Every structure is written in C-alpha cells, then in structure tokens.
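Subject: Structure handover

Hello,

Here is the structure for you to take over. My notes follow below it.

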Amino acid sequence: MRALYLDKTLTLCEDYATPTPPPGEASVHVRLAGVCNTDLELVRGYMSFRGVPGHEFVGEVVQCDSAPEWIGQRVVGGDQCGVRSV
Ligand SMILES: [Zn+2]
C-alpha cells in the first residue's frame with residue numbers, strides 16, 4: 001500500500017506493509033485525509049515522531065475481527081472524536 005512515512009523527512013512509500021489490526025481495533029480504507037497543525041508540527045520535529053502521520057480521516061472499515069458488523073461502515077477519525085460511524 002502507499003503511505004507517507006515521516007522519519008525526519010516525509011517519504012512516499014509505494015510498498016508500505018499493510019498493517020494488521022490488533023485485537024479490538026479495525027483496519028480502515030482511508031478515502032479522505034486531512035493535514036492539521038499537529039501533523040505540521042510532527043514534520044518540524046515535535047515529539048521526534050516516526051511513522052505514518054495523519055489522524056483526521058474518512059474511510060471504510062475493511063477488517064475488524066472482534067466486531068465484524070463494522071465491516072463496510074463509513075467512519076471518521078479526528079482530534080476531538082476518536083473514531084465514529086457516520
Ligand atoms: Zn489533528
């Protein structure tokens with residue numbers, strides 16, 4: 001899968017490994033993602049973050065072993081709301 005990876009600089013990875021959700025969590029196919037000030041601060045070095053930034057998104061649940069009824073649900077995640085069905 002494609003992902004922007006931050007390790008001091010942003011790099012577009014065309015072959016980023018598809019993550020497997022731990023128990024109680026879900027995989028979401030992100031349809032739209034936002035860039036907020038926290039993301040910009042991470043790029044500037046805030047908290048020495050390394051990984052895939054981005055926590056504001058709209059997507060669809062594609063895997064959720066502990067609650068398969070969520071599969072296919074459209075969800076949104078953000079600073080104030082966690083992840084909710086929409
Ligand atoms: Zn944010």
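Two strands are said to pair if DSSP finds at least two bridges between them. Helices (H or I, at least four residues) and strands (E, at least two) are DSSP runs, numbered from the N terminus. This is a predicted model, in which local features need pLDDT of at least 70 and side-chain atom pairs count only at pLDDT 80 or more, while totals for chains, interfaces and linings use all residues. Residues are numbered from 1 along each chain as its sequence is written, and side-chain values use heavy atoms, with hydrogens and water left out.

The sheet

Strands β1 (residues 3-7) and β2 (residues 9-13) run antiparallel and are joined by five bridges. Within this pairing, L4 has L12 of β2 as its bridge partner. The hairpin of β1 and β2 has one residue between the strands, and K8 takes a positive phi near 75° there.

The open sheet consists of three strands in the order β2-β1-β4, with antiparallel pairing. Because β2 and β4 stand at the edges with a single partner strand each, one side of each has no neighbour in the sheet. Strands of a sheet pair through backbone hydrogen bonds, either parallel or antiparallel.

The loop between α1 (37-43) and β4 (50-51) contains M47. M47 is not a glycine, yet its phi is positive, at about 60°. S48 lies in the loop between α1 and β4 as well, and has a positive phi of about 50° although S48 is not a glycine either.

For accessibility, buried means under 20% relative accessible area, exposed over 50%, and partly exposed in between (1.4 Å probe, protein chains only). M47 is exposed, with a relative accessible area of 64%. S48 also counts as exposed, at 62% relative accessibility.

D39 is found in helix α1. D39 is buried and has no salt bridge; R44, the nearest side chain of opposite charge, is 11 Å away. A salt bridge here is a side-chain nitrogen of Lys or Arg within 4 Å of a carboxyl oxygen of Asp or Glu. For charge, Lys and Arg count as positive and Asp and Glu as negative, with His and the chain ends not counted.

What does the side chain of D39 reach? The side chain of D39 reaches the backbone nitrogen of G54, at 3.3 Å. Leaving aside residues up to four places away in sequence, D39 touches G34, P53, G54 and H55, where contact means heavy atoms within 4.5 Å.

Regards

How values were computed
Polar contact = N/O pair within 3.5 Å; in protein donor to acceptor, adjacent residues only side chain to side chain.
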